[in-house]
Structure formats: C-alpha cells, structure tokens
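Good morning, everyone, and thank you for making time for this. Please have a look at the sequence and the structure first, and then I will walk you through them.

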Amino acid sequence: MGDMAEAGVVAFSDDGHYVENAAFMRRALEYSSMFNKMVIDHAEDITLTKNGHMHEGIVSYELGVIGRPAVAEDLAVARDILLSEMTGGHIHIAHVSSKNTVDMVRRAKAKGLNVTCEVTSQHLSFTDEYLREYNPAFKMAPPIRSEDHRQALLEGLKDGTIDAIITDHAPHAYEEKDHEFCCAPNGFSGLETSLAAVITNAYGPDKLSIDQVVYYMSTRPAELMRLDAGVLEVGKPADITVFSTTEEWTVDRNKFYTKGKVSPFDGMTVTGKAKLTVVDGKVVMKEGVVL
Ligand SMILES: [Zn+2]
C-alpha cells in the first residue's frame, strides 16, 4: 500500500468484494491512514446477500426472487464505522443504498469521525418497482431499494450527510448482461447518463440546488481524492463541463461512446445535458460529439 501510495494512487478499495475479515479491514485502515488515503468500502455482508438478486421487500416476495436485504449493508457499515473510530483511518462508504446507513453516517459525522460516503445517480432515480419486468439493466449491487430508502438518500444529500454523487460505471458486453434476470451480472454503464439522471430525479424545488449538484458531482469528489480539480480558479486546471438544466433528450444506448451498451435509462426521456467538455483547456466534447 505504501508503494502504491508513493506511485500516486488516490485511494484503496475492495469494490465488488466486501472485506469479510474485520482484522484485515482494521489493518487496511491503519496502513492507509499512514499515507493519508481513504479506504473505499463496498459495504455488503455477503452472508446476507448470497444468491440474492434484488432488494429484499414486498416486490421481491411478489416476484419470488431471492433478496439482498438492506441490513446486509447496515451491518457492514456499522462494523467499518467502528473500525474507523478505533483506528482513525478514513472509511468512505461506496454507493450507499440504505436509510439506516444514512443515519449511521450522520451520527458518525456528528461525532467527528473520519467517515464519508457517496450515492449513485441510479439509486436516486429508481426503486425496486422498476424490477417488475425482470429487466437485467436494473440489476446492480447494492440493489435499488424501496421509495423510503430513496427518499432517505435524497435527505442525506440535502443535509450534507452524503458527500458525493457517483456513477458506479460498470460496463458489461451486451451479451454478458442480456440474460435471465438471475444470471445477469450486476451494474451498467453509468457515465453518459449520470448528469441527466441527477438533474431529472434529484434537482429542483424541495430537492437539490444547482450549486449542490455541482458540489456533489465535482468539487467534493475532488476534495475526497485530494485532486487539484473541481474548482474554477485562476491557476487551476481548466476542466470544465458546460451543461443545460432544461434540455430534454431520449437516452439511446446505441449512441453511447462506451462499448458497454446496457442502461436502465435506455428509451427514457430525461432532462439535463452536457453541452461542452473542456479538459485542461482543450475542448474534447461538443454537442454530444467527442472530438
Ligand atoms: Zn461496489
């Protein structure tokens, strides 16, 4: 970990594979704190998620699909907040999906612990009701949950409990993902829809302001990774996205630049579109065309 920190890694993660062994996680937090890096935690207790394919609740019972209960995330988060408190290491909970997690992180922050977290644009956009047609594009881990959880995630952003909105970009070849629901892998390509998903589903009156959207998708992630980015200031890198908050468009997965052409947003009409992307002063995307 020291060599990697020296070579420039920004964080350490177990993404996709929760660290079951508590002693191992303790060491990871101790070592990472020596290098001032965070541990990004895919928090799901696998003894409770094994063989599960969606949120455990009324919809999973009705569909007869084995669930992944929210408490699987809650238990993992509780343990890792306690280990962060013990070691002082920075734990960052990836893709928070459960209301109890939001509560625990809120309390940890009130205590001044070294705990941060993030939410995906898809967990802000969908509930398990979308799984009634068994469309594997909506299958992800942690799963999209019921409306009470979705509302708690939005509340967590509004009061600053949640630090960032992320894509959890997980491209799969179409033939990999195009399977019976229970055989399909988790995740989808989130990069090209995340801004529109947030503007459509989490922005507006009683939701987030545009300043909050920019903070959660740019400024704060850069701070967490300690990157010299995410601000508009003289002398800083000119990495800029110009976007519309009102333009409507229909998502067409075949027009994605990524080769992972699976998206739960496919065919949906969404609001908000990136118009121009500038990287280090150079225009790299204009009106949807990568230059
Ligand atoms: Zn993950």
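Let me begin with a definition: a residue is called buried when its relative accessible area is under 20%, exposed when it is over 50%, and partly exposed in between, using a 1.4 Å probe and counting protein chains only. By that scheme, 48% of the 291 residues of this chain count as buried. What you see is a predicted model, in which local features need pLDDT of at least 70 and side-chain atom pairs count only at pLDDT 80 or more, whereas totals for chains, interfaces and linings use all residues. Residues are numbered from 1 along each chain as its sequence is written, and side-chain values use heavy atoms, with hydrogens and water left out.

Now the chain as a whole. Its secondary structure comes to 11 helices and 11 strands, where helices (H or I, at least four residues) and strands (E, at least two) are DSSP runs, numbered from the N terminus. The radius of gyration, taken over C-alpha atoms, is 19 Å, close to the 19 Å that the globule rule (2.2 Å times the number of residues to the power 0.38) gives for 291 residues, so the chain is as compact as a globular protein of that length. Along the principal axes, the C-alpha atoms fill a box of roughly 55 × 50 × 40 Å. If contact means heavy atoms within 4.5 Å, then among contacts between residues at least 6 apart in sequence, 70% join residues at least 24 apart.

Let us turn to one helix. Is helix 10, residues 194-202, largely enclosed or open? Seven of its nine residues are buried, so helix 10 is largely enclosed by the rest of the structure. Among the buried residues are Leu195, Val198 and Ile199, and what covers the buried residues of helix 10 includes helix 7, helix 8, helix 11, strand 8 and strand 9. Just after helix 10, glycine 204 takes a positive phi of about 130°.

Some of those covering elements also carry salt bridges, a salt bridge being a side-chain nitrogen of Lys or Arg within 4 Å of a carboxyl oxygen of Asp or Glu. How many does a search of the whole structure find? The search finds 19 salt bridges.

In helix 8, residues 147-158, glutamate 147 and arginine 150 lie three residues apart, about one turn of the helix, and their side chains meet in a salt bridge at 2.9 Å, N to O. An α-helix has 3.6 residues a turn, so residues three or four places apart point the same way. Glutamate 147 is partly exposed at 35% relative accessible area, while arginine 150, at 16%, counts as buried.

Lysine 275 has a salt bridge with glutamate 247, at 2.6 Å, N to O. This pair links distant parts of the chain, with lysine 275 in strand 9 and glutamate 247 in strand 8, 28 residues apart. Lysine 275 also forms a salt bridge with glutamate 287, the closest N and O atoms being 2.9 Å apart. Glutamate 287 lies in the loop between strand 10 and strand 11, so this pair ties together parts that are 12 residues apart in sequence. Glutamate 247 is partly exposed at 28%, and glutamate 287 is exposed at 53%.

Finally, Lys109, Asp163, Arg220 and Glu223 are linked in a network of salt bridges.
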